[in-house]
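Here's a walk through one protein model, with the rings, the core and a few side chains picked out. Have the viewer open as you read.

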Amino acid sequence: MGIHRFSNGVVSAAQQLLETARPRAACDARARRLHRTARARRLQKMSLLLACIAPLSISGAAKNRSAVQLAGYKAVRVHYGPMDRMIMSVRINGQPASLLLDTGSTQLILDAKAAESFGVTPSQRGLRYIRFTKIEGELFPIGFVQNISADSMSFGSSLVTLQRSLHAESAIAGLDGVLGLDILLRHKALINCRTKLVFFKVDQAQRINLGSVAASEKFTRVPIQREDTGALTVPCSIRGQPTRLLVDTGAFITILHEGFVRSLGLPAEATRISAQFAGGGFKKINAAKIDDLHIGAFKVPRKKFGVAPLPQFALQQGSSKIAGILGMDTLYICHAIIDLDGMNLFLK
């Protein structure tokens with residue numbers, strides 16, 4: 001099933017620890033039970049941590065996802081739709097809805113028409129005042145969700161941006177909205193791009209040593225930086241040229257800025273793919289084969305990446321130099337785990 005794998009080193013180390021700690025002549029039945037209990041707890045903790053990072057088998061996934069429990073966290077199932085969209089089934093004010101899990105969005109967004117069916121309308125005081133928020137230079141009204149939940153996880157109440165053009169965007173087509181970083185960061189989400197599980201922290205006193213377990217599973221840790229704009233970025237380099245990428249689970253492919261690729265002297269070839277960016281129309285996507293992309297200290301397998309003129313709002317993230325969007329294709333291939341508690345990206 002893939003969720004109870006232990007390396008020989010871990011198991012033998014635990015056994016050696018028990019052997020050296022065991023009294024020789026005075027070891028009674030009670031002491032043996034205590035040793036067995038301690039060892040079982042250590043192995044159980046390790047298996048639960050592995051459940052956060054090890055993909056479930058296809059045949060066993062449906063049965064075992066509901067059984068996975070991690071102390072201090074609640075697990076929520078997701079599924080993948082067309083274009084590798086990570087979709088979470090939620091309830092908004094008690095009504096079923098489907099949201100795109102999107103680390104590229106700083107806030108919870110609902111399609112305005114769908115929001116009306118959930119009883120969510122623009123907030124107002126008196127007859128004239130309606131709150132607005134600005135996204136990529138455009139103003140959108142703010143509503144209030146009394147309760148949003150997924151499986152057994154309650155996110156409580158939340159402000160929500162209402163956007164009438166949401167269904168026109170291809171990445172959101174057929175969905176009711178976007179679950180963004182406001183909720184994901186508030187509940188310190190642990191997002192595994194392969195296992196179809198997202199863990200949300202409910203006990204702030206709990207600490208898990210995900211880094212050491214991930215290292216034992218041959219993952220590379222890459223620090224995540226939150227920019228002044230609220231975006232999440234990670235360091236990267238191509239041909240030794242350092243820059244940063246936006247971490248965006250709402251993007252179906254990884255796209256590098258056309259100007260950056262051209263400055264490196266990398267050739268790009270035409271494709272039939274187009275992408276739509278927020279606040280703009282469709283842009284033609286070219287492709288460039290890159291064999292030396294490093295994200296942090298992790299070397300991404302050689303593959304073709306999208307190339308397009310990215311909009312200024314994507315390239316301007318405070319003082320950081322951004323050269324592209326790290327999308328779901330690369331995140332999935334590299335077994336990405338996004339840890340919003342420790343602010344780390346783990347890749348393998």
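## A buried ring pair

F155 and F200 are both buried. This is a predicted model, and a search of the whole structure turns up two aromatic pairs. F155 and F200 form one that is edge-to-face, with 4.9 Å centre to centre and 80 degrees between the planes. F155 sits in strand β10 (residues 153–163) and F200 in strand β13 (residues 197–201), so the pair ties together parts that are 45 residues apart in sequence.

F155 also turns up in the surroundings of I148: setting aside neighbours within four places in sequence, the contacts of I148 include F155, S154 and G156, along with L179 and I183.

## The other ring pair, and charges over rings

Which residues make an edge-to-face pair at 6.1 Å centre to centre? That would be Y80 and Y332, with 80 degrees between the planes. This pair links distant parts of the chain, as Y80 is in strand β2 (residues 79–81) and Y332 is in helix α9 (residues 328–333), 252 residues apart.

## Overall build and cores

Zooming out, the chain has 348 residues, and 48% of them are buried. Its secondary structure comes to nine helices and 27 strands. If you take the contacts with a separation of 6 or more, 65% are between residues 24 or more positions apart.

In soluble globular proteins, nonpolar side chains tend to be buried together. Here, the largest nonpolar core has 65 residues, and M88, I148, I295 and L345 are those with the most contacts inside it. Apart from that core lies another, of 13 residues, with I255, A275, L310 and A314 among them. Back at I148, the contacts beyond four places in sequence also include V90, R91, I92, L99 and L108.

T233 is in strand β16 (residues 232–238), and at 0% relative accessibility it counts as buried. The side chain of T233 makes a polar contact with the side chain of E227, at 2.6 Å. Leaving out neighbours within four places in sequence, T233 is in contact with P223, I224, Q225, E227, R244, L245, L246, V247 and I322.

E269 is in strand β19 (residues 269–276) and is partly exposed, with a relative accessible area of 41%. Which residue does the side chain of E269 reach in a polar contact at 2.7 Å? The side chain of K304. E269 and K304 are 35 residues apart along the chain, and their C-alpha atoms are separated by 10.0 Å. With neighbours within four places in sequence left out, E269 is in contact with N286, A287 and K304.

K188 has a phi near 45 degrees, a positive value in a residue other than glycine. K188 is placed in the loop between α5 (181–186) and β12 (190–192), and at 24% relative accessibility K188 counts as partly exposed.

H335 is another such case, with a phi near 55 degrees, again positive in a residue other than glycine. H335 lies in the loop between α9 and β26 (337–339). H335 is partly exposed, with a relative accessible area of 22%.

Key: Residues are numbered from 1 along each chain as its sequence is written. This is a predicted model: local features need pLDDT of at least 70, side-chain atom pairs count only at pLDDT 80 or more; totals for chains, interfaces and linings use all residues. Side-chain values use heavy atoms; hydrogens and water are left out. Helices (H or I, at least four residues) and strands (E, at least two) are DSSP runs, numbered from the N terminus. Buried means under 20% relative accessible area, exposed over 50%, partly exposed in between (1.4 Å probe, protein chains only). A polar contact is a pair of N or O atoms within 3.5 Å; within protein, one must be able to donate a hydrogen and the other to accept it, and residues adjacent in sequence count only if both atoms are side-chain atoms. Contact means heavy atoms within 4.5 Å. A nonpolar core is a set of buried Ala, Val, Leu, Ile, Met, Phe, Trp, Tyr and Cys residues joined through side-chain atoms within 4.5 Å. Rings of Phe, Tyr and Trp (its six-membered ring) pair if their centres lie within 6.5 Å; planes under 30 degrees apart count as stacked, over 60 as edge-to-face and the rest as tilted.
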